[in-house]
Amino acid sequence: MSQSGAFVTAAVDWANDAGMGFRHIVSLGNKAVLDETDFVEAWGDDEGTNVVVGYLEGIEDGGEFIETTKRVTDEGTPVVLVKSGRTEAGARAVSSHTGTLAGSEKAYETAFRKAGVVRAHNAEELFDYARALDSLPLPDSNGVAVVTNAGGPGVMATDALGDSSLSLAEFDETTYDALTDALPETAAVYNPVDVLGDAPPSRFGDAVAEVLDDTNVGACLVIACPTATFEFEDLAETVVETARGSDVPVVTALMGGEGTTEARDILSEGGVPSYFDPARGVRSLDAVAGYRRARERETG
């Protein structure tokens, strides 16, 4: 749902290329009859809807929205929203667009937290989070394992984790021992796990399988840069097969261009989200973990 009709047409056009489909699409406009709460309630009760996604400039009835959305999110349907008009200039633009009073940013932040809303700050995050919540199991802890064939992107992922509610997982000793046995002597077995630039898909698979078995790992990010030792399609099949045997959410960062197209399709079909930037993978895992915490949170 969207208060911007142009955003709807842009999203549909983009989704056609991205392989994402929508069950229902509603342009809310200035909400003369039905508002966001009506659709959250209807779609929350719809067994065919997995995630509710929206672009909003304001909310009509705050109390009703919080009560309805909390029930829907608690019952298993995530709600991901972009709320525009966060700044003073943005609020003026909202007023001229739909006549909506943008309201207090702090009030919206608090209301969304209480309602269990996963908040996105731009269109990219909106659909990244929706895809992750649609396809991934919920993590049971905030510890993330990073498996990479390149040291620099592993450091980038570590920084992104530091900016999130997640953290690098501390492996059990048995995991360190298993990784030491499975990987070359010069590989890094401490998190992030660096399987080295000459790693074939099987080495990635061995490392991912070991970290997914560690009880301290709530999620896993696999980062791959192009090398001469593997094809991205083969790596994608290995990651999907390894992730399929685990309840731990897995996302990937394939840091390549045209050569990753088919691999991304394989990952998507296997329920493994894929990004170019490792930070997008971290933010998506953070959104899924945030939804888990929202469902666990007691509200008065």
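Trainee: What should I keep in mind about the model and its numbering?

Mentor: The model is predicted, so local features need pLDDT of at least 70 and side-chain atom pairs count only at pLDDT 80 or more, while totals for chains, interfaces and linings use all residues. Residues are numbered from 1 along each chain as its sequence is written, and side-chain values use heavy atoms, with hydrogens and water left out.

Trainee: How much space lies in the largest pocket, and which residues are closest to its centre?

Mentor: A pocket is an open set of points on a 1 Å grid over the protein atoms alone, where a 1.4 Å probe fits, with protein on both sides within 12 Å along at least five of seven lines; lining residues have an atom within 4 Å of a point. Volume is the space filled by probe spheres set on the points, which are joined across faces, edges and corners. Here the largest pocket holds about 1,200 Å³, and of its 48 lining residues Trp-14, Met-20, Gly-21, Phe-127 and Arg-131 are the closest to the centre.

Trainee: Which element gives the most to that lining?

Mentor: Helices (H or I, at least four residues) are DSSP runs numbered from the N terminus, and helix H6 (123-135) gives the most to the lining of the largest pocket, with nine residues.

Trainee: What about the second largest pocket?

Mentor: The second largest pocket holds about 490 Å³, and Glu-109, Val-117, Val-118, Arg-119 and Gly-290 lie nearest its centre among 19 lining residues. Helix H12 (278-296) supplies the largest share of this lining, seven residues.

Technical notes. Helices (H or I, at least four residues) and strands (E, at least two) are DSSP runs, numbered from the N terminus.
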